[in-house]
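Please work through the exercises below with the sequence and the coordinates open beside you. Each begins with a task and continues with a solution in steps.

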Amino acid sequence: MRTARVTAAAVVTVPLALGGLASQSHAQDASPSPSGTFGPGCSALSQKADTAKDKAVEAAAAYPQLSQLVSAVVRARLNGTLDGRPDITIFAPDQQAFQKVTAAQLASLLSDQGKLKQVLTYHVVDKQITPDELPMGSFTTVEGGKLTTSGSGSDFKVNGKAKIVCGNIKAANATIYVIDTVLQPPS
């Protein structure tokens, strides 16, 4: 029942603006990797329930800041695929990430289901990535491309562009790292 509500809500909430590929540089510290949820954006993610027992898409839907991502996943018909995979990691673009993409880029992406699936699956790795693996990580995505992670302490980036604003969120079959940029697969 809850999945049906998530799907219905996501279908209705089609994103109007997708964010681009801006990058920012941030100082890195040498502190050890965090063991729990971490990042400056975690407090802004106000969640109403514990998502550790929810599958990936339902867990993401618990966070209003991930509603455009959930809408795109449902539009690409990837919710069953993501929920059916065990032990995945999702680098989940938040609302600010989607606001960086132009309306024309979004319209183009949403009108091409194959391209939408390619972009979305580039944000997913077929293993659960721990914070200890983030400082100098290199991972193959479900899309087939490579992405890298770097940083230290609780200050990490994906592909040198996207800052992890809240990391290590647990779902039944996934670990979610919320990022501030929509990633583009290599050409």
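The exercises that follow concern a predicted model, and they take up a strand, a disulfide and a group of aromatic rings in turn.

**Exercise 1. Determine how strand E7 is covered on its two faces, and which strands pair with E7.**

Step 1. Strand E6, residues 162-170, runs antiparallel to E7 and is joined to E7 by 4 bridges, with Ile 169 opposite Ile 176. E6 and E7 form a hairpin, with 3 residues between the two strands.

**Exercise 2. Locate the disulfide, describe its geometry, and classify Cys 42 and Cys 166 as buried, partly exposed or exposed.**

Step 1. A search of the whole structure finds 1 disulfide, formed by Cys 42 and Cys 166, whose sulfur atoms are 2.1 Å apart.

Step 2. The link between Cys 42 and Cys 166 is right-handed, with 100 degrees about the S-S bond. The pair links distant parts of the chain, since Cys 42 lies in the loop between helix H1 (2-12) and helix H2 (56-61) and Cys 166 lies in strand E6, 124 residues apart.

Step 3. Buried means under 20% relative accessible area. Cys 166 has a relative accessible area of 2% and is therefore buried, whereas Cys 42, at 22%, is partly exposed.

**Exercise 3. Classify the ring pairs Phe 38 with Phe 156 and Phe 91 with Tyr 177 as stacked or edge-to-face.**

Step 1. The search of the whole structure finds 3 aromatic pairs. In one of them, Phe 38 and Phe 156 have ring centres 5.7 Å apart and planes at 70 degrees, so this pair is edge-to-face.

Step 2. Phe 38 lies in the loop between H1 and H2 and Phe 156 in strand E5 (residues 155-158), 118 residues apart; both residues are buried.

Step 3. The rings of Phe 91 and Tyr 177 have their centres 5.6 Å apart and their planes at 20 degrees, so this pair is stacked. Phe 91 belongs to strand E1 and Tyr 177 to strand E7, 86 residues apart, and both are buried.

Step 4. Phe 38, Phe 91, Phe 156 and Tyr 177 together form one aromatic cluster.

Note on methods. Residues numbered from 1 in each chain as written. Predicted model: local features only at pLDDT ≥ 70, side-chain atom pairs only at ≥ 80, totals over all residues. Heavy atoms only, no water. Buried < 20%, exposed > 50% of the residue type's maximum accessible area, 1.4 Å probe, protein only. Pairing = 2+ DSSP bridges. Disulfide = S-S within 2.5 Å. Phe/Tyr/Trp six-rings, centres within 6.5 Å; stacked < 30°, edge-to-face > 60°.
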